[in-house]
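Please walk me through this structure, beginning with the terms and then moving from the overall chain to its sheet, its charged pairs and its surface.

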Amino acid sequence: MTRKDETPPRDEWPTPGPQSEGGAAFTDVVLATFRLNARLMEAAQGLAGHGGLTAAWWQVLGGVLREPHSVADVGRIMGVSRQAVQRIADLLVERGLAEYRPNPAHRRAKLLACTEAGHYAIRQIAVAQHPWTSEVAETVDLDDLRTTLRTMQALITKLEGA
């Protein structure tokens, strides 16, 4: 990060290279995604409260609903650091919403699994989430939503491979 006293005069600033039409459109997508993410996180925080969770706890539990995973695997699935997942996982275990299980593939990296109490919390969230997502989805064409998902998945694949 540049400090104020390290900023050169404007006539010494580097000139960005040309940006393609696609590059400009992608920049707009990135900026819109930042804004959408803020709104989605606000909504997630409110919805998570129905299960007595925070949005972050909901996200981590969501990573182990179907089957247990190591904390590192949950981090990869969610796109966040192992350390961030570890802090939340420890809180979930402390509150009885998740548990650590032995990992047959790795002696030290235990598996995080959702408990019955965790599944119940997620069910309580779903009771509020399903009507909310249905209401929001009514405002956008279903084919557009599906195209958006495919585009987001392609961008994730590209950026995670970079």
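A residue is called buried when its relative accessible area is under 20%, exposed when it is over 50%, and partly exposed in between, using a 1.4 Å probe and protein chains only. By that scale Glu-99, at 31% relative accessibility, is partly exposed. The model is a predicted one, in which local features need pLDDT of at least 70 and side-chain atom pairs count only at pLDDT 80 or more, while totals for chains, interfaces and linings use all residues. Residues are numbered from 1 along each chain as its sequence is written, and side-chain values use heavy atoms, with hydrogens and water left out.

Start with the chain as a whole. Its secondary structure amounts to six helices and three strands, where helices (H or I, at least four residues) and strands (E, at least two) are DSSP runs numbered from the N terminus. Along the sequence these elements follow the pattern α-α-β-α-α-β-β-α-α. The C-alpha trace spans about 60 × 45 × 30 Å along its principal axes. The radius of gyration of the chain is 20 Å, whereas a compact globule of 162 residues would have one near 15 Å; the radius is taken over C-alpha atoms, and the globule rule is 2.2 Å times the number of residues to the power 0.38. Buried residues account for 23% of the 162 residues. The chain exposes about 12,100 Å², of which carbon and sulfur atoms supply 57%; accessible areas come from the Shrake-Rupley method with a 1.4 Å probe, and for residues only the protein chains shown count as cover. Contact means heavy atoms within 4.5 Å. Among contacts between residues at least 6 apart in sequence, 48% join residues at least 24 apart.

Next, the sheet. Strands of a sheet pair through backbone hydrogen bonds, either parallel or antiparallel. Here three strands form an open sheet in the order β1-β3-β2, with antiparallel pairing. Strands β1 and β2 stand at the edges with a single partner strand each, so one side of each has no neighbour in the sheet. Two strands count as paired if DSSP finds at least two bridges between them. Strand β1 (residues 69-70) is joined to β3 by two bridges: His-69 has Leu-112 as its bridge partner, and Ser-70 has Leu-111. On the β2 side, four bridges join β2 (residues 98-101) to β3, and Glu-99 stands opposite Ala-113.

Which residues cover the two faces of β3? In a regular strand the side chains alternate between the two faces of the sheet. In β3 (residues 111-114), Leu-111 and Ala-113 lie on one side and Leu-112 and Cys-114 on the other, and all are buried.

The loop between β2 and β3 holds Asn-103. Is this residue buried or exposed? Asn-103 is buried because its relative accessible area is 15%. Leaving aside neighbours within four places in sequence, Asn-103 is in contact with Ala-109, Lys-110 and Leu-111. Of these, Leu-111 is also the bridge partner of Ser-70.

Now the charged pairs. A salt bridge is a side-chain nitrogen of Lys or Arg within 4 Å of a carboxyl oxygen of Asp or Glu, and the structure holds four of them. One joins Glu-99 to Arg-101 at 2.9 Å, N to O. Arg-101 is partly exposed, with a relative accessible area of 35%. Another joins Glu-94 and Arg-95 at 3.6 Å, N to O. In that pair Glu-94 is exposed at 62%, whereas Arg-95, at 44%, counts as partly exposed. Glu-42 and Arg-39 also meet in a salt bridge, at 2.9 Å, N to O. Both lie in helix α1, three residues apart, about one turn of the helix. Arg-39 is partly exposed, with a relative accessible area of 43%.

Helix α1 also takes part in a nonpolar feature of the surface. Leu-36, Leu-40, Trp-132 and Val-136 make a nonpolar surface patch of about 330 Å². The elements giving two or more residues to this patch are α1 (21-48) and α5 (116-137). Patches are made of residues with over 30% relative accessible area and no salt bridge; like charges are joined within 9 Å, and nonpolar side chains (Val, Leu, Ile, Met, Phe, Trp, Tyr) within 5 Å. Leu-40, placed in helix α1, is partly exposed with a relative accessible area of 41%.
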